[in-house]
Amino acid sequence: MLYSLPMPAHLDSFTHPLRYLAKWLLVSLLIAALAGTASALFLLSLDAATAYRENHPGIIWLLPLAGFAVGWVYLRWGSTVEAGNNLLIDEIHDPKSVVPLRMAPLVLAGTVISHLFGASVGREGTAVQMGGTLADQLTNALKLQTQDRRILLMAGISAGFASVFGTPLAGAIFGLEVLVIGRLRHDAIFPCVAAAILADQVGLAWGVHHTHYAVAAVPALTAWTIVAVAVAGIVFGLAGRLFAGATHRLSAFLKRHVAYAPLRPLIGGAVIAGAVWAVGTQRYVGLGIPVIVEAFAQPLPAWDALGKLAFTVVSLGTGFKGGEVTPLFYIGATLGNALAPLLHLPFPLLAGVGFVAVFAGAANTPLASTVMALELFGPAIGPYAAMGCVVAYLCSGHAGIYKAQRGAKAPFTRDRREDRAGDR
């Protein structure tokens, strides 16, 4: 169904789509201005925090205290928004109330602090939460009904994702694909596409620069290259499954055994700081963008992927704020780099496929991940990226990083009632 509500019989079949497009173009522009500006502020703050940490590496010893402080703030003021991305997804499935505005500043500050002191977290979660939260503030102002509010939230998710990674098409599809495994919400296509494209442009207008990755040479398709990428896709899917499962299990374990929430990131921070001292490098903390770039340029140690996976699981599982996606890019790129000589493939190619395929498996978003590869690495990698992402998705299981995701057999109950009303 293309429209947010069934088409009234008295409306002309041409004027109604025009009204729909005009309405959602205006709303998408507002969402893009909010989400794109918030992402720009976030990315600039993240750059400053990362630069300070790299110039003052000893600050990582304060990570336990930083984790405790963020945990205490969330316990005091953020208990209703602590679910983060899952809260947004739940509100789309079963709308109840407008997402509290405090989610945006809390996750922004919490993520910047996590990066400043050396936690291994990403940035997608923060951008998505800010985009969805700020978009939802328009619900009452525009007097939107339940179904339109669902679309509004989806467009906010798309805008946040697109503006933080500079991938508008992938961002649009992510907002449509992440809600239900194996099903797309077609009624939100135009708002998600418009909000994602416009939010990316807003971020660029604020002077945000995104990292460029080079896949220098893509080999011609042969039977072997397709089989080899499929084999790698199995490994990428299992890596995504391991990441999601380990993070959820560690979080559940600590919630059972450590009742006072701020103590969990304090413990995690102490473990991470001690591990950095033990391994003698900060290679596995923060975003890890320099290492991802290295994965496209030179062979890397096989243990880089495991190192990043372990540091990120501890960071997220103990309650540090941020996202999962950039660490998944790191894990996938370095894992692909390590697999390349075993499969007789160029390591830039398999680094690029791994970059998106581990994310596809962990997030259950193979379409968005494939499109992201096209936007980041160029169209030549398309067949390989599609094969790697689809195989990874199939081999990862359905217990991904977003616990609020539903299977295709779990329908939108209100949608069904609306559809039946429309049929009548």
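**Second pocket.** I began with the elements around the second largest pocket of this predicted model: α1 (15-55), α7 (146-165), α12 (289-295) and α14 (325-343) each give at least two residues to its lining. Helices here are DSSP runs (H or I, at least four residues), numbered from the N terminus. α1 supplies the largest share, eight residues. I noted a volume of about 590 Å³. A pocket is an open set of points on a 1 Å grid over the protein atoms alone, where a 1.4 Å probe fits, with protein on both sides within 12 Å along at least five of seven lines; lining residues have an atom within 4 Å of a point. The volume is the space filled by probe spheres set on the points, joined across faces, edges and corners.

**Largest pocket.** Next I looked up the largest pocket, which holds about 770 Å³. Its lining has 33 residues, with Glu-82, Ser-251, Lys-255, Leu-316 and Lys-321 nearest the centre. Which helix gives the most to this lining? I found that α10 does, with seven residues.

**Confidence.** I checked pLDDT, the predictor's confidence in each residue from 0 to 100. The protein chain averages 91, and 92% of the residues score at least 70. Helix α13 (residues 304-317) has the highest mean, 98, and helix α18 (residues 413-423) the lowest, 40. Over residues 1-5, pLDDT stays under 50, as over residues 410-424.

**Ground rules.** Residues are numbered from 1 along each chain as its sequence is written, and side-chain values use heavy atoms, without hydrogens and water. Local features need pLDDT of at least 70, side-chain atom pairs count only at 80 or more, and totals for chains, interfaces and linings use all residues.

Notes: Contact = heavy atoms within 4.5 Å.
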